[in-house]
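Please examine the sequence and the structure shown below. The paragraphs that follow consider aromatic contacts and nonpolar packing.

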Amino acid sequence: MKNLIIDGDPGIRKDAVIEHDGEELVCFSIKRQGDWHGPERVQLWCTVGDESERESFERRQYMPMYLDTDHTTAETISVVQ
């Protein structure tokens, strides 16, 4: 499980399956930042992981501040589902 910050909106919502760096990930949660007073493009702050990590996410068996964080643009994300 990790945090993924996406510059721009690739058109995903909660439970979307995306491909990033050759890896399929499920978006467990998405927080939209910057609609009103933010940067020129909106940012999506996502908690992503493998489908096998869903139970850990739902039971909050992780510490959000200690997750690895990746930063990318919407153009590098492929939407699988």
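Are Phe 28 and Phe 57 buried or exposed? In this predicted model, Phe 28 and Phe 57 are both buried. For Phe 57 the relative accessibility is 10%, and the residue therefore falls under the 20% limit for burial.

By the ring-pair criterion there are two aromatic pairs. In one of them, the rings of Phe 28 and Phe 57 are stacked, at 5.2 Å centre to centre and with 20° between the planes. Because Phe 28 belongs to strand β3 and Phe 57 to helix α1 (residues 54–58), this pair ties together parts that lie 29 residues apart in sequence. Phe 57 also pairs with Tyr 62: the ring centres are 5.9 Å apart and the planes stand at 20°, so this pair is stacked. Tyr 62, at 17% relative accessibility, counts as buried. Through these ring pairs, Phe 28, Phe 57 and Tyr 62 are linked into a cluster.

The largest nonpolar core has twelve residues, including Leu 4, Ile 18, Leu 25, Cys 46 and Ile 77. Two or more of its residues come from each of β1 (2–7), β3 (23–33) and β4 (43–49), and β4 gives the largest share, three residues. Apart from this core lies another, of six residues, among them Val 17, Phe 57, Tyr 62 and Leu 67.

Methods: Residues numbered from 1 in each chain as written. Predicted model: local features only at pLDDT ≥ 70, side-chain atom pairs only at ≥ 80, totals over all residues. Heavy atoms only, no water. Core = buried A, V, L, I, M, F, W, Y, C linked by side-chain atoms within 4.5 Å. Buried < 20%, exposed > 50% of the residue type's maximum accessible area, 1.4 Å probe, protein only. Helix = DSSP H or I, 4+ residues; strand = E, 2+ residues; numbered from the N terminus. Phe/Tyr/Trp six-rings, centres within 6.5 Å; stacked < 30°, edge-to-face > 60°.
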